[in-house]
Amino acid sequence: MDVKTAVKEIKKGAVSPLYLCYGSEKYQIQEFIHLVQEQIVDAENRDFAVVHYDLSETPIEVVIEEAETLPFLVERKLILVRDSSLFSAAKDGGKIEHKVDRLLAYLDNPAEHSVVVFTVNGDKLDERKKTVKSMKVKGQVLSFMPLSGNELIGWVIRQAKTRDCIMDESAAQALLDSAGVQMAALSAEVNKLCLYAGKGGVITAGDVHQLVARSTEQNVFAMVEDIANLRLEKALSTFYELLKQREEPIKIAALIARQFRIMLQVKELGGQSYSQQQIASQLGLHPYAVKVAGEQARKFEAARLRRSLSDLAELDYKMKSGRIDKVLGLEMFLLGLGA
């Protein structure tokens, strides 16, 4: 079962006694847990109906005992368990010994009065383990991976809608360009924009540019985009703005080099027929970052990207050894890209 189906089932009241959530999108996992909590536990009873465990500190048999114990004053209780090794290939350092057979027995016959949610901070489960195989049969195993660019834009628009505001695709795109792709940060920015727009208000791209400050990384991202589109004056303007913010030229150069390296890698992997999702997984990047880098890379020849990376490496050496003024050196590099 996928996450969307699981959410629909929960909203209908069909809550499984066992969930295993894994993936790199912690914000989505927390949203899912919040949904389960809202469904099975009243707000006034959460102090004694929601229990937290960490398996790096607590044996699994203690968790099972808790799950088998009848709840107090409520119909069902929610047990949230952070796992580091029972379902993944990660090592827990051997500090805690877990009786895995006790867990397997519980998975075969879970208590109806408890909902146990295991969370694993990792992109993969260890499919060889009996615990994973059993959970796939007896419970719900849900993957929370980064959303694609279009999915993320849709998610931002829905976030605004839940706050009684209207945000179109251009405004959502502007927000991603300014705030990045971390969902927790995006949610906070949407909340701020909705407070500004008011109930029933419309959020525009102009509102985003006015209210959402760009990080250094996002400014460099935009600067490379301007270079790719031959908007050199705008790229230099962003560079001078970063200098006013007392950003170190060596750091700016390193971030530019990182973006050029990503562009080259995306270009080469794309040429080998890798999909956007596969490239993201291979490079350890968010799919949206891969999408944008791919669009930028199409405007450069691979040879030119390699030459730019070589020039940046030489510039880095000269700046660090004092052979060139840092600001002047980076200005000359940017001007050279527009030539």
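Trainee: How many disulfides does a search of the whole structure find?

Mentor: The general idea is that two cysteine sulfur atoms count as a disulfide when they lie within 2.5 Å. In this predicted model, a search of the whole structure finds zero disulfides.

Trainee: Are C165 and C194 buried or exposed?

Mentor: A residue counts as buried when its relative accessible area is under 20%. C165 has 5% relative accessibility, so C165 counts as buried, and C194, at 6%, counts as buried too.

Trainee: Which residues form a nonpolar patch on the surface?

Mentor: The nonpolar patch is formed by F48, F72 and L73, which together have about 360 Å² of accessible area. One of these residues, F48, sits in helix α3, which covers residues 46-49, and with a relative accessible area of 36% F48 is partly exposed.

Trainee: Which residues gather in a patch of positive charge?

Mentor: Lys and Arg are the residues that count as positive. Here K4, K8, K12 and R158 gather on the surface in such a patch. Among them, K4 belongs to helix α1, made of residues 3-11, and K4 counts as exposed because its relative accessibility is 66%, where the cut-off for exposed is over 50%.

Notes
Residues are numbered from 1 along each chain as its sequence is written. This is a predicted model: local features need pLDDT of at least 70, side-chain atom pairs count only at pLDDT 80 or more; totals for chains, interfaces and linings use all residues. Side-chain values use heavy atoms; hydrogens and water are left out. Buried means under 20% relative accessible area, exposed over 50%, partly exposed in between (1.4 Å probe, protein chains only). Patches are made of residues with over 30% relative accessible area and no salt bridge: like charges are joined within 9 Å, nonpolar side chains (Val, Leu, Ile, Met, Phe, Trp, Tyr) within 5 Å. Accessible areas come from the Shrake-Rupley method with a 1.4 Å probe; for residues, only the protein chains shown count as cover. A salt bridge is a side-chain nitrogen of Lys or Arg within 4 Å of a carboxyl oxygen of Asp or Glu. Helices (H or I, at least four residues) and strands (E, at least two) are DSSP runs, numbered from the N terminus. The place of a charge is taken as NZ of Lys, CZ of Arg, CG of Asp or CD of Glu.
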